[in-house]
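Reader: Please take one part of this structure and look at it closely. I would like to see how the two protein chains meet.

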Protein chains: 2
Amino acid sequence: MVAESIRRSLEAGGLRCTPQRYAVMAFLTEHARHPTAAEIFEGVNLVDPRSSRATTYNNLRDLVKAGLVREVAVEGRAARFDAKIMRHHHFICDRCGNVEDMEWYDVPRPASGSLGKRVLRECELIFRGFCTKCAPRRASRLDAARRVDAG
Amino acid sequence: MVAESIRRSLEAGGLRCTPQRYAVMAFLTEHARHPTAAEIFEGVNLVDPRSSRATTYNNLRDLVKAGLVREVAVEGRAARFDAKIMRHHHFICDRCGNVEDMEWYDVPRPASGSLGKRVLRECELIFRGFCTKCAPRRASRLDAARRVDAG
DNA sequence: TATCACATTAGATATAATCTAAATCCTTCA
DNA sequence: TGAAGGATTTAGATTATATCTAATGTGATA
């Protein structure tokens, strides 16, 4: 049962299961399309208008801190959020800014020498290009130049 | 000669070498520490107060579009900019938000099936954790939990 | 039921980035 | 040379995104 599993993961993360917090988590679980904070706020209040903007932001921050949600910064656009259900990489569309999940696979870690005193916590792989919707009508400026020199 | 090489790369990117544009490019070349737009604006005007904020943003956008500069979005903070001198990956500090360059190495591409109709243009690897300065005094909240499950 | 820490709220505020419309600067070419 | 037109720059207004503030509410515990 979904409701119960959300409650459990909130509590495992040291967070009370409040209606507003639950709603954010449920919305992210149901909408895997990486919504922005504004979209989450709207979506949640569409169902049950009981949450303020500040609360939505507060809860998102707490959820990220607790490791239950991933935040994806996108150049020049609002951040996207993502329930951490399964490990995956991200594809970001250069044209519309949408974020999509990509199949997960192991990424080689940096040579230990190059880390120095840094503490490594995460490695993530980000693919960029044009999503399925944008590929056909992709901006001509961006078009020509540098298709996959991608590494 | 640096001046000449900047001029050349601007023109190769289809951009006139104006004093303001040159100044942005020169600043980025000399300051490899991934400054924000605001820092670039200040730094450039410290030397020669002739550039407006709008121009700095305009030029940064043009330089990114021309592929001469890389923009790095950082969660909850201003974007950072980076002259594309050599290929490299990025390390983002979870505590101070600073962006550092990491040695470049090949990243395995996604399985062709998982791309579908998407057009892949770039693959980038982002490391997260605590930078050299922050590692000793890293925030206790962030501390405990998930050190490198990192992939 | 009193208490206290955690949560929520509306609205103000801060920060980051873009837009607007006018002015200026180049390049071209007659 | 100098007129035309596009590219560039500018100050300031505006938008977009996110956080802060101070008051209020809520629930677990004793």
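Author: Start with a pair of strands. S5(A) and strand S5 (residues 119-130) of chain B pair in the antiparallel sense, over 11 bridges. Two strands count as paired if DSSP finds at least two bridges between them. Strands (E, at least two residues) and helices (H or I, at least four) are DSSP runs, numbered from the N terminus. Within this pairing, A:Glu122 stands opposite B:Arg128 in S5(B).

A word on the source. This is a predicted model, in which local features need pLDDT of at least 70 and side-chain atom pairs count only at pLDDT 80 or more, while totals for chains, interfaces and linings use all residues. Residues are numbered from 1 along each chain as its sequence is written, chains are lettered from A and ligands numbered from 1 in the order in which they are written, and side-chain values use heavy atoms, with hydrogens and water left out.

Now the whole contact. Chain A brings 51 residues to it, and chain B brings 51 residues. Contact means heavy atoms within 4.5 Å. About 5,100 Å² is buried between chain A and chain B. Carbon and sulfur atoms give 53% of that area. Buried area is the accessible area (1.4 Å probe) that two parts lose on being put together, summed over both.

Next, the polar links. The rule finds 18 residue pairs in polar contact across the interface of chain A and chain B, both residues at pLDDT 80 or more. A polar contact is a pair of N or O atoms within 3.5 Å; within protein, one must be able to donate a hydrogen and the other to accept it, and residues adjacent in sequence count only if both atoms are side-chain atoms. Between chain A and chain B there are six salt bridges. A salt bridge is a side-chain nitrogen of Lys or Arg within 4 Å of a carboxyl oxygen of Asp or Glu. B:Glu100 forms a salt bridge with A:Arg118, and their closest N and O atoms are 2.3 Å apart.

Which elements of chain A give two or more residues to the side that touches chain B? They are strand S1 (69-72), strand S4 (99-102), strand S5 (119-130) and helix H5 (140-144). S5(A) gives the most, with 12 residues. By class, this side of chain A has 24 nonpolar, six polar and 21 charged residues. Here Ala, Val, Leu, Ile, Met, Phe, Trp, Tyr, Cys and Pro count as nonpolar, Asp, Glu, Lys and Arg as charged, and the others, Gly among them, as polar.
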